Every structure is written in C-alpha cells, then in structure tokens.
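This briefing summarises a single protein chain for computational work. The points below are grouped by topic and are intended to be read alongside the structure.

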Amino acid sequence: MTRPGTDKEDLICVGALAGAFGVKGLTRIKSFTADPFAIGDYGPVRCEDGTEFDLRLSHEVKQGVLIADLQADLSREAVEALKGQKLYVPRAALPEPEDEDEFYTRDLIGLEARLVDGEVLGSVIAVPDFGAGDLLDIKLAGGRKTVLVPFTKDCVPEVKLSAGFVTVLPPQGLLDDE
C-alpha cells in the first residue's frame, strides 16, 4: 500500500546501496546528498521495491560512501542482494533549495528545452548519470528522437525553474541529421 506523499513522482533519490560491509549485516551506502551524512536526516529511506529502512550511519569509508546499519535483521547475503538498489525519501522531507541556482535534478524533468535563440528544442524527459556526470535526456519537438546533452554550464547555461525552461547550447554536431 502506498502512503500519501510517497508516489514515485514525490520521491527523490538520495543514495544507493553499494554492497555489504563486514559479516554482521552492515552495508555501504553511496550518498548523493551534498553532505553525505545528511542522507540519515530525512527519515526512513525507501528502496525501489518499496522496502523501507531506518539508517543508522557509522562512518565514511571514502568520499560519499558511508557504512550503515539498516536497522533490519539481515544477513550479509541479504544485504549483498540489495546492492544497487536506489534509496528514496519523500520530496517533502527535503529542504527547499536556498537560491535560484540550486535545484533537485527531479525538478528538471518536464521543463521545456530551448536553444539560445529561444527556439523550442523539446522537453527534458530524464536526467541520467552513467558515471561521467549528469545528462539531460531531451525529447526533440515534433518527433520521437531524443538527444543526450551534458548537464554542464557550457551546454546548459541557464535553468529557469520558475519560467519552466532550460537553455541548451548543444555540442557541435549533436543535432545534425544522420
């Protein structure tokens, strides 16, 4: 049963389970929060399968990777089976960004993507990160084709959440017809 405020649309990904640590059911967690330890400040985290855990954080083993007790009676094997699960919290549990240059990547989805001259390029449908940084997945206007644009200041010089658009300066050749 889904609780109010926990629909997939209302959830923000704050980390991921990175595998077991030791033999007593502890886990490594990759935190996606600005302060890695803040992942434990927002209440229970929810896995993609709906399982919830109350995190008890121990220490950081490398930048952004924490050791945590999931507060569940899980064996090392059970924890290892959870590896790769993303961790979510309700949007309402997170603080609002403090200035206009801060936002949650989830807020970018649905924004209109415009070229520098104002021409509508399409709309942002996802913000994937395949390991080299965030990308904007943009569905081009009038078609089924999508393009991936690096989410950098050079390629996306302007984000206007309140106006509902991002300005995109695509890398040379990205929009050329094949």
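Gln 85 is placed in the loop between H1 and S7. In this predicted model, Gln 85 has a relative accessibility of 17% and counts as buried, because the cut-off for burial is under 20% relative accessible area. Gln 85 and Asp 137 are separated by 52 residues in sequence, and their C-alpha atoms lie 22 Å apart in space.

**Overall architecture**

- The chain contains one helix and 13 strands.
- In sequence order, these elements follow the pattern β-β-β-β-β-β-α-β-β-β-β-β-β-β.
- The C-alpha trace spans about 55 × 35 × 30 Å along its principal axes.
- The chain has 178 residues, of which 35% are buried.

**Nonpolar core**

- The largest nonpolar core has 19 residues, and those touching the most other members are Leu 17, Ile 29, Ile 39, Val 45, Leu 55, Leu 87 and Leu 94.
- Two or more residues of this core come from each of S1, strand S3 (45-47), strand S6 (65-69) and S7.
- The element that gives the most to this core is S1, with three residues.

**Salt bridges**

- Five salt bridges are present in the structure.
- One of them joins the side chains of Arg 46 and Glu 52, at an N to O distance of 3.0 Å.
- Arg 91, Glu 96 and Asp 107 are linked in a network of salt bridges.
- Glu 96 is exposed, with a relative accessible area of 56%, while Arg 91 counts as partly exposed at 22% relative accessibility.
- Asp 107 also forms a salt bridge with Arg 91, and the closest N and O atoms of this pair are 2.7 Å apart.
- Asp 107 and Arg 91 are 16 residues apart, and each is in the loop between S7 and S8.
- Asp 107 is partly exposed, its relative accessible area being 22%.

**Negative surface patch**

- Glu 98, Asp 99, Glu 100, Asp 101 and Glu 102 form a negative surface patch.
- One of these residues, Asp 101, is located in the loop between strand S7 (86-90) and strand S8 (112-115).
- Asp 101 has a relative accessible area of 58% and is therefore exposed, since exposure requires a value over 50%.

- Asp 10 belongs to the segment before strand S1 (11-21).
- Asp 10 counts as partly exposed, at 33% relative accessibility.
- Phe 32 sits in the loop between strand S2 (26-31) and S3.
- Phe 32 is partly exposed, with a relative accessible area of 44%.
- Asp 10 and Phe 32 are 22 residues apart in sequence, with a C-alpha to C-alpha distance of 17 Å.
- Phe 32 and Ala 16 are 16 residues apart in sequence, with a C-alpha to C-alpha distance of 8.0 Å.

- Gln 71 has a phi near 60°, which is a positive value in a residue other than glycine.
- Gln 71 lies in the loop between S6 and helix H1 (76-81).
- Gln 71 counts as partly exposed, with 43% relative accessibility.

Notes. Residues are numbered from 1 along each chain as its sequence is written. This is a predicted model: local features need pLDDT of at least 70, side-chain atom pairs count only at pLDDT 80 or more; totals for chains, interfaces and linings use all residues. Side-chain values use heavy atoms; hydrogens and water are left out. Patches are made of residues with over 30% relative accessible area and no salt bridge: like charges are joined within 9 Å, nonpolar side chains (Val, Leu, Ile, Met, Phe, Trp, Tyr) within 5 Å. Accessible areas come from the Shrake-Rupley method with a 1.4 Å probe; for residues, only the protein chains shown count as cover. A salt bridge is a side-chain nitrogen of Lys or Arg within 4 Å of a carboxyl oxygen of Asp or Glu. Lys and Arg count as positive and Asp and Glu as negative; His and the chain ends are not counted. The place of a charge is taken as NZ of Lys, CZ of Arg, CG of Asp or CD of Glu. Helices (H or I, at least four residues) and strands (E, at least two) are DSSP runs, numbered from the N terminus. Buried means under 20% relative accessible area, exposed over 50%, partly exposed in between (1.4 Å probe, protein chains only). A nonpolar core is a set of buried Ala, Val, Leu, Ile, Met, Phe, Trp, Tyr and Cys residues joined through side-chain atoms within 4.5 Å.
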